[in-house]
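Let's take a walk through this structure together, one piece at a time. Keep the 3D view open as you read.

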Amino acid sequence: MTWRSPLALVRDALQGQRARERELRSLVSNLPYEGQEKGKQPNRFFLSNAIKTTKYSLLLFLPMNLYEQFHRLANLYFVGLAILNFIPVVNAFQPEVALIPICVIMFLTALKDGWEDFRRYQSDRKVNNTPCFVYSRREKQYVERRWKDVRVGDFVRVVSNEIVPADLLLLYSSDPNGVCHLETANLDGETNLKQRIVVSGLGAANLGFEPESFNSAVVCERPNSNLNHFKCFVEKPDKDKVGASIESLLLRGCTVRNTNHAVGFVVYAGHETKAMLNNNGSRYKRSKLERKLNVDVFFCLILLFAMCLIGAFGHYLWLESLPGVPSFLVPDSNGHLDVPSLESFYMFFTMIILLQILIPISLYVSIELVKVGQIFFITNDIDLYDEETDSRVQCRALNITEDLGQIEYVFSDKTGTLTENKMVFRRCSVMGTEYPHKENAIRLDVIDEPESEEEVIFNQHQQLPRSRWSLEAEGISPPDTQRHGRRRKSKVAANAHSDAAFSSPLETEVIPDQKLLQQISRAESSGGRRDGNRSFDPHLDFFLALAICNTVVVSAENAHRQRECTSPQSSQMRNPLETFSSLVKKAGAFFQRDKRNRTLSEDPVIDSAKTEDEADANRLRTCSLHAPSQNGSAIVEAEELCYEAESPDEAALVYAARAYGFILLARTPDSVTVRLPSGEDLVFEVLDTLTFDSNRKRMSVLVRHPVTKDYVLYTKGADYSIMELLGTPYAENFSGIEKNVAADTQYHLDCYAKEGLRTLCITKKVVSESTYQSWLGERKRAQAAMECREELIMQTAVQLETNLTLLGATGIEDRLQEKVPDTIVALREAGIHVWVLTGDKPETAVNIGYACRLLEEEDLVINMSCKNKVTCTAILDCTLEEVRRYRDDPRNAGTTQNISLVIDGNTLDMAKSPDLQERFVELTKHCRSVLCCRVTPLQKSAVVKLVREKLKVMTLAVGDGANDVNMIQAADVGIGISGQEGMQAVMASDFAISRFKHLKKLVLVHGHWCYTRLANMIIYFFYKNVAYVNLLFWYQFFCGFTATTMIDYWLMIFFNLFFTSTPPIMFGIFDKDVSVEVLQGVPELYRTGQGKGEYNFLTFWIAILDAFYQSLVCFFIPYLAYQDSDVDLFTFGTPLNTAALFTILLHLGIEIKSWTLVHWIIMLGSVALYFIVTLAYTATCVTCNPPSNPYWILQNQMADPMFYLIVTLCTVVALLPRYTFHVLKNSVAPSPLLQGRQLDRMDPSTRDQWIKEWRGFRGGAPAKRYELSDPPSPTLETPVDFFPEFLPDSNFMGDDLSLNVITESRQRAVHT
Amino acid sequence: MGKTKNKSGPLARRPDNSAFKQQRLPAWSPMLTANTVLPFFYLLAVICMLLGVWLLLLVQSTQEIKLDYTDLGNCNECFDLRRNVSNAAQTCSCRVEFSIDKSLKGDVFFYYGLKNFHQNLRRYMDSRDDGQTLGRIKNLKNPSTYCAPFDKDNDGVPIAPCGAIANSMFNDSFTLNYHLSSSRSVPVPLLRTGLTWYTDKNIKFRNPRTDNLTLAEVFEGTRPPLYWQKPVYSLDPHDPNNNGFINEDLIVWMREAAFPNFKKLYGILNRADPIFEKGLPKGNYSIDISYTLPGQEGSGADHADLVRRPEPFPADCLPGNQQPDPAGGRRPHRGLVEVRKGWEEHEGMKHGGVKTED
């Protein structure tokens, strides 16, 4: 490095700063400058690719870590006190010793921080030294470099399965179509492949890319963290601009798949890459308990000040009352005595030092430890483990476990959260005719059976698929069976290799509807005759649309991600005959509908059922369809296809199309290959894809038909977004009957919705050449625009999507996850208001609402849906009035009505407006459950915020998709469900679970436990410190308020650090007030934690008062015993200390609800430790702690019976009130929790009976307080897994309407 | 626990199904209700009651005679004398007479007591050097700074034993006389050793190694505390082994009392004498008190003392004198002289007096 003037350096730095800050960056290739000094490099201002995530460096660790730690106010406080101790006039202890506690605590924290940072350093180093290939001009080839040497402007070659080292603009791909597949699982957890396209129009890019010839400038935006957005254009030397978007960006950290190699231009490196910008560490949330705790710490501070003031004032009075200067008043080293007022001023500070532990120094550390323990137990809970994905519950936010125990409002997403998000094609309507797909429905019911014997299924499938090959010749399409085995396997297999998204047998298999199949074959055969026109048959078009109009990526099965797969299935071939006979047996079993058998052999049954169906179908089919000769190879080929979709709906549709013979074979950016039922492959040229967005709620694909050469636009989308765009009915072109397809389809759509199906409309539009050309121009302009590109692109999309022709509609089922109704009922019984926020239409949502028991038959359901604000206001007022009247009605006095609210997005927006929100919130307060339909992600979070802020309640949001991220972040506790839709929700969440049902145990059991444990522990901690400190305080009245301690200072430190520190931590981690079974069986117990919970003003002050009382007892009993005797100071302090130890430990003993071995060990261990350490200390330490000298004190005391008498007496008298209080309370007015514990003591069968009876009892009168006495005879629970008939209510659909009470409580029986 | 950490294959991340991790450890959960607690309660009450009765009997068998000699008998003269600082050097002895109605059987302990003397002030307590009293030569000549300002005198000569505690040592001496008749009296023999804890006498307090030197030579180069008349090596003229840092009066004094009103053991009745074989017989007694510092008096005669039934102390804090300090500030003067002592004798049974507050 040559010498450069400092001025130049400064100038350079400024320039670099400016270059990095600029909105647009212009980057050029580094190659022409290779080997030149740094100052000449054009891209020198941008960050290099080396990353550094460590917080500290070796040299600066100490100061920086200290600086970090001093951000904690508590640490500052304690250090301040320790320093105060060094001032001679105010010190209370030997200053060096006073430093010990804070030093120990800070040292531990520093150790933890240092270790974490070291781990980060190691991983950084590993990442930075990963090799990659960078083009070098000197060597004329790609040479191996390390990641950290990659700079902006370099050309990097990545090969398949390699991780992308920096954000690359894709310039070349070995794929002939110029695409590159990218797996972003590392980034957002989405397992589906994403397709990235080479920046188009860069000349002969396809003929091997020459980095040296790249002489364009890449202009891109400033780095940002948006993973789905990138704006850039490449400016060629001739000033021609080519736009590029996220579609051409390879993101750092992603893996290249299915592409041999690709070359990219580094646009962002190191910390400027999107991956790093997104990686902003774990979140810190402060729990409600902790906020309350801080208030109480403040109270303690006030208490401390009061006590210190008393001390200072007392000292003053005592000095004033002295008759002169007695010999025990020691002057300072100069022989000088200060005046009393000054002395007492100093004494104030000395008192603060003396009584400092009133503010519990170890509380914060203990809380952290307890939370670590709690999280350990939560993550180790086997009930929260999901075998299918092999995932445990993850606690991502480490410090809000106890918030789980205080939840009052749960906001849930529907799709993927309540439901599986495994989309299953259920039925469709084509050209106004409904095809119910009954067989399909039966199949799904079979699958619905719970899997009980995973292992058995696993074994069967190892053999079955192979054997099924023998059946292939019969013309049955076997692709699914193969998939079967694999899928099953992967279900049980290690999770690391998660399978392709959305490809469980449930989703991939569709049994075609006979009628529709015939219809297609008829069309197919008739169309075959007049070749050119056949695709005009709307049925064929419908399925073509299903196959084409999507963004599903096809990947070859065998090459799938080229990952290591679990070893291939055993190739053991079984005798075909045997196989067949076993199949028949199983089929027989199926028809017997023997449930037990079905659970064991669910899949083969489906197969066999399917086999038969399809065999039937084949018989009916004409030979042109599925000719065996053609099928042989074709099917093998098709079978190996694997569809990867971004949304499960799309995959479901593609699979449905495949079932009817329209097989999507390949998709490149420019073309789609579809195999028709006739076996013919059609290659459609894809002209453009108008991607889905939440405003349009539809997506379209513009293709060129290979035969007719027409420009065809296939659009699919939500019915309400499609219906208004319809042009002339398709039926006009159709020969003969004039049908109002739209009306019929709409009717079917409504039916679907009522069944709880997700609906999509499929349309087609033929675009004329001229229209297309003019549109294309605009489209291109929009794509190259730097400013508001999104809006422009959307506008062009809207322009084209008009005058659509309706082909049909599909109904896709999204099944409820298992135990969802059970969970929701439990949550509601726990006093939690459950809100479901969904983007679905109200009908679908309401139906799901009933299915998951969010809404009950006997509920009063209020439906709010209005178009303008005036009506909205009116409805709101009216409803509120209604609700109040209902509540005030004396007839309803004993019962609490169950009001539910259904509201749609528009109305919600109006209700949220500032003038109405008070009323809205008031209304929702009365509602047990609320269902919001058609809400956008933003609305979701707005609702959460509104409720959270207006009602000041604890909210929990649970969701699985990117659209729930806002909501999850807005709530106090965010829970992500790691499901089908990637990891974005999980990334944003505080806890990640894999099934919705886990919420029940997580909240009701772990939440309750964590909260009670922590709350009790904190109360205990305050009590402990106040009790102990007060011992010192009372003594001040006898030593002239001179801050003398009657306990050796080391022993005082030990007392807090060793003897009494582990029991509360153990209490906070292990104590179990009520067992899992009872907590889950009686969710009402959860209410104890809600609202103020157990840690409130009252309990806190009771604990403090008790601490005062106990310290009084522990001090004055020894005092009276030793009054006027020859007792010396430490001899007096020893029984005091011992009594305090026993009192404090036994106090905890009273509070501990269940004693396990751990409890015994720790409690007895603490006592033993006290005696061992104290004995050892007093025996060995003759002069080690001058001037304090506790030599042989305890030994002497322990030889004196009086010691034991005093300790016993103190402990008993001190604990008597609390003990008596507990006993009285438990005997006279037992709390629900205590009753829960009583249930625990019964033997399991009796207990279950009780819970069941009681549940039945409660079923009648839901709001009745928990009472165990005299439950009526048990009523059987209604099976939860059923869809109640949707209540016919014409008004419900009405748009501009209004309040309607759907069910006026269908007179429920009121048990008293 | 027991299982290997590196599991692989399916369900690799499945948590252990152990009782500990699943929080299913067998537990005892006591229920605090009247039914379960009352029997235990009654049992405890009975035990406590028995214990209380036993203690009560014990207390009643303990005899105690307390005597406040502040201005009893002719001690008020000495008291008045001491009020004037200028007379501090004058010796003063007085006699207090009392009688015992019921003989005190067994071991009899003789205590002196002080009222409103705060041995428990933080700075007072810190003002000592355990290293010095342990006999460390280094500390002998160079006392710890905790002793300041009583570590060295104005000339920089180290003080042994240093510190405020030693400086303010109580040094009245007592002789107890038993009057067999109005004319004949015998001194009651008191053991002046064996008053301290074994560990204090043998481990915590030791004289510097003598190496064939006399104690006086060892302590050369130090001076006694400012208020002392005698050097530390000649505190007990009768028993050469009771001198230096291991002087039992010093050790007893150095064990700081917990409360401002306290007593300290002065002597134990020597029952070798046939008259006192069974304890103190009833009769008339008197205590001769040298109402001053032992060094001033010169004679080491044991003093008799007074005993009295325990009764509430009168508050007897007298205004002390303030002597103008040459340096201009306020200086503490001799604590003993200024603050009056109440003192008492306590004779107990062998237990040394187990008192309980029940």
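Strand 29 and strand 30 of chain A run side by side in the parallel sense, paired over six bridges. If you want a spot to look for, A:Asp904 stands opposite A:Cys933 in strand 30 of chain A. Bear in mind that this is a predicted model.

Strand 30 of chain A has another partner too: strand 27 (residues 833-837) of chain A pairs with strand 30 in the parallel sense, over four bridges. There, A:Val834 has A:Ser929 of strand 30 as its bridge partner.

Strand 14 of chain A pairs with strand 33 (residues 991-993) of chain A in the antiparallel sense over two bridges. In that pair, A:Cys395 has A:Phe991 as its bridge partner in strand 33 of chain A.

| Strand pair | Sense | Bridges |
|---|---|---|
| Strand 29 and strand 30 of chain A | parallel | six bridges |
| Strand 27 and strand 30 of chain A | parallel | four bridges |
| Strand 14 and strand 33 of chain A | antiparallel | two bridges |
| Strand 4 and strand 5 of chain B | antiparallel | three bridges |

Staying in chain A, look at helix 26 (residues 820-829). Among the buried ones are A:Val820, A:Pro821, A:Ile824, A:Leu827 and A:Arg828. After the helix comes A:Gly831, with a positive phi near 80 degrees.

One more stop in chain A is A:Thr668, which sits in the loop between strand 20 (663-667) and strand 21 (671-675). Is A:Thr668 buried or exposed? Its relative accessibility is 15%, so A:Thr668 counts as buried. Leaving out residues up to four places away in sequence, A:Thr668 touches A:Asn177 and A:Gln195.

Over to chain B. An open sheet of four strands there has the order 1-9-4-5, with antiparallel pairing. Why do strand 1 (93-100) and strand 5 (185-187) of chain B each have one side without a neighbour in the sheet? Each stands at an edge with a single partner strand, so there is nothing from the sheet on one side. From one strand to the next, the twist averages 25 degrees. Within this sheet, strand 4 (residues 173-179) of chain B pairs with strand 5 of chain B, and B:Asn177 has B:Pro187 of strand 5 as its bridge partner.

Chain B also has a stretch flagged in a record: an unreviewed UniProt entry lists residues 40-59 as "transmembrane region". In the model, residues 40-59 of chain B are 100% helix and 0% strand, with the end C-alpha atoms 28 Å apart.

Finally, the cysteines. Over all chains, the structure holds one disulfide. B:Cys147 and B:Cys162 form it, with their sulfur atoms 1.9 Å apart. Both cysteines lie in the loop between helix 5 (137-141) and helix 6 (164-167) of chain B, 15 residues apart. B:Cys147 and B:Cys162 are both buried.

A:Cys395 is buried, with a relative accessible area of 12%. A:Cys1114 is in no disulfide either, the nearest cysteine sulfur being that of A:Cys1210, 5.0 Å away. A:Cys1114 also counts as buried, at 2% relative accessibility.

Technical notes. Residues numbered from 1 in each chain as written. Chains lettered and ligands numbered in written order. Predicted model: local features only at pLDDT ≥ 70, side-chain atom pairs only at ≥ 80, totals over all residues. Heavy atoms only, no water. Buried < 20%, exposed > 50% of the residue type's maximum accessible area, 1.4 Å probe, protein only. Disulfide = S-S within 2.5 Å. UniProt positions renumbered as here; feature names shortened; annotations may be inferred. Contact = heavy atoms within 4.5 Å. Pairing = 2+ DSSP bridges. Axes fitted to C-alpha atoms, helices over the stretch in contact; angles between N-to-C directions.
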